[in-house]
Amino acid sequence: MDMLAMQLVRSFGAEVLDSPEFEQAMAQKHHHVTTVGNHSLGVAYTSVKICRFLNAMHIKTDTKAVIRGALCHDLGIVGRYEKFSNNLVCWQRHPRESCEVAEKLLGGLSKCEKDIISHHMWPTTPVPPHCREGYVILIADKYCAVREVAASLKEKRNMKKESDRVS
Ligand SMILES: [Fe+2]
Ligand SMILES: [Fe+2]
């Protein structure tokens, strides 16, 4: 675990992390094996590591916007079963919903933060991000999602093996 990356997430993300909205996100299941909150923490942490790599190559990124964007990018998923009629609708609409929650929570968003959150689902939604920070989140989000889905499949396989063994 990269402690410096965790400290950056903690300090730049304090307003989000200490909010009731994030507390709800920590309780909302996501990708079968995690919660929206833990997934978002993973995306923020991975994004910081990508930013550090880019920085070493003299490519500057706004770390604060990346962290706040990462922590808020899926807040619109909270309450998904009451808000969205099915998974497809959730996929398409949660970025806008996340923007609204984040705007309220943070008292406004920078242009970059709004771009990050609005377009993080690209290419499954039609418009790509306009800033490089948006691509950082996009990559970190997909990376974390693939790991979580793989963990969920592994868990299912192990459960099946166990039930085959018992029966
Ligand atoms: Fe998302
Ligand atoms: Fe996500």
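Read along the sequence, the chain of this predicted model follows the pattern α-α-α-β-β-α-α-α-α-α-α. That amounts to nine helices and two strands. The radius of gyration is 16 Å, close to the 15 Å that the globule rule gives for 167 residues, so the chain is as compact as a globular protein of that length. Along its principal axes, the C-alpha trace spans about 55 × 35 × 30 Å. Of the 167 residues, 38% count as buried. Among contacts between residues at least 6 apart in sequence, 62% join residues at least 24 apart.

In soluble globular proteins, nonpolar side chains tend to be buried together. Here the largest nonpolar core has 35 residues, and those touching the most other members are Ala44, Ile67, Ala70 and Ile137. Two or more residues of this core come from each of helix 1, helix 2, helix 3, helix 4, helix 5, helix 7, helix 8 and helix 9.

Beyond its neighbours within four places in sequence, Ile67 is in contact with Leu8, Val9, Phe12, Gly13, Ala44 and Val48.

**Helix 9**

Helix 9 covers residues 132-166, which is 35 residues. From its first C-alpha to its last it reaches 51 Å, close to the 51 Å expected at 1.5 Å a residue. The buried residues of helix 9 are Glu133, Gly134, Val136, Ile137, Leu138, Ala140, Asp141 and Cys144. The partners of the buried residues of helix 9 are listed below.

| Helix packed against by the buried residues of helix 9 | Residues |
|---|---|
| Helix 4 | 36-56 |
| Helix 5 | 63-72 |
| Helix 8 | 111-118 |

**Met6 in helix 1**

Met6 lies in helix 1, which runs over residues 3-12. Is Met6 buried or partly exposed? Met6 counts as partly exposed because it has 14 C-beta neighbours inside 10 Å, whereas a buried residue needs 20 or more. Leaving aside its neighbours within four places in sequence, Met6 is in contact with Met1 and Tyr45. Met6 and Val48 are 42 residues apart in sequence, and their C-alpha atoms are 8.7 Å apart in space.

How values were computed:
Residues are numbered from 1 along each chain as its sequence is written. Chains are lettered from A and ligands numbered from 1 in the order in which they are written. This is a predicted model: local features need pLDDT of at least 70, side-chain atom pairs count only at pLDDT 80 or more; totals for chains, interfaces and linings use all residues. Helices (H or I, at least four residues) and strands (E, at least two) are DSSP runs, numbered from the N terminus. A residue is buried if 20 or more other C-beta atoms lie within 10 Å of its own, exposed if 12 or fewer, and partly exposed in between; C-beta atoms are placed from the backbone. Two residues are in contact if their C-beta atoms, placed from the backbone, lie within 7 Å. The expected span of a helix is 1.5 Å times one less than its number of residues. A nonpolar core is a set of buried Ala, Val, Leu, Ile, Met, Phe, Trp, Tyr and Cys residues joined through C-beta atoms within 7 Å. The radius of gyration is taken over C-alpha atoms; the globule rule is 2.2 Å times the number of residues to the power 0.38.
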